[in-house]
Amino acid sequence: MKNLIRYVMIAMMAVGFTLPSAGAVNAMEKVAVLPIINNVEGDDMVGQIYIKEAIDMFNYPDYEFLENDALTAAIDAEKFNKEVPSEVALQRIAKASGADLVVAVVLDSLEDKPVWPSAERILEMDMSGTTVAYNAVTGKYYKHHFSDDQQIDETLTSRWDWKHDEFQKMMRREMKKITKM
């Protein structure tokens, strides 16, 4: 009798542990990350940072990146210049590519400049842009204008790329907000 109860308990535990993971397999969202619309002249590194943060946030097994001909054709058909993609444009891209989530970023400025006059050498960040996303499953559209104008002592920035580090932090925060929509 004890052995029978043990086997029943083991079977119930096995079923209890496998049921939650069975539902997670079907919850995979297909994500289309559009190339960054970079309005900052001569700064190609922001595109790499943006894609890296998107890959880190929208990783397998919860998300699947879309890279197919339908997505490329849908992006090309929209002919984005320097403006923020509209909700309708993101909806068309989602429908044409089969994406559940479409993400785009427009970067308008990213520079650090000295603050004059000041007793110490101070740099001020000037970063602004817009993040947009469309969730085809929920029908929600996300649009957020981000900006950063913090100041730092210039001597602290001599050993690392301060402005790109701050841009990376901003992209991480924006991607986290998108996952919650």
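In this predicted model, helix α3 passes helix α4 in a right-handed crossing. The residues that form this contact divide into seven nonpolar, one polar and two charged. On the α3 side they are A70, L71, A74, I75 and E78, which meet A89, R92, I93, A96 and S97 of α4.

The two helices, α3 at residues 69-78 and α4 at residues 87-97, pack at an angle of about 155 degrees, and their axes lie 8 Å apart. Angles over 145 degrees count as roughly antiparallel, and α3 and α4 are therefore roughly antiparallel to each other.

Within α4, the buried residues are A89, L90, I93, A94 and S97. Viewed down the axis of α4, these buried residues fall within an arc of 135 degrees, so they line one face of the helix. An α-helix has 3.6 residues a turn, so residues three or four places apart point the same way. The elements that cover the buried residues of α4 include α3 and the strands β4, β5 and β6. Directly after α4 comes G98, which has a positive phi near 80 degrees.

| Strand | Residues |
|---|---|
| β4 | 101-114 |
| β5 | 122-135 |
| β6 | 140-148 |

Strand β5 contains T130. T130 has a relative accessible area of 8% and is buried, since buried means under 20%. Apart from its neighbours within four places in sequence, T130 is in contact with V84, A104, V105, V106, K143, H144, H145 and F146. One of these, A104, is 26 residues from T130 in sequence, with a C-alpha to C-alpha separation of 8.4 Å.

Methods: Residues numbered from 1 in each chain as written. Predicted model: local features only at pLDDT ≥ 70, side-chain atom pairs only at ≥ 80, totals over all residues. Heavy atoms only, no water. Axes fitted to C-alpha atoms, helices over the stretch in contact; angles between N-to-C directions. Helix = DSSP H or I, 4+ residues; strand = E, 2+ residues; numbered from the N terminus. Parallel < 35°, antiparallel > 145°, perpendicular 65-115°, else oblique. Left-handed = near helix turned anticlockwise from the far one by under 90°. Contact = heavy atoms within 4.5 Å. Nonpolar A, V, L, I, M, F, W, Y, C, P; charged D, E, K, R; others polar. Buried < 20%, exposed > 50% of the residue type's maximum accessible area, 1.4 Å probe, protein only. Arc of directions from axis to C-beta.
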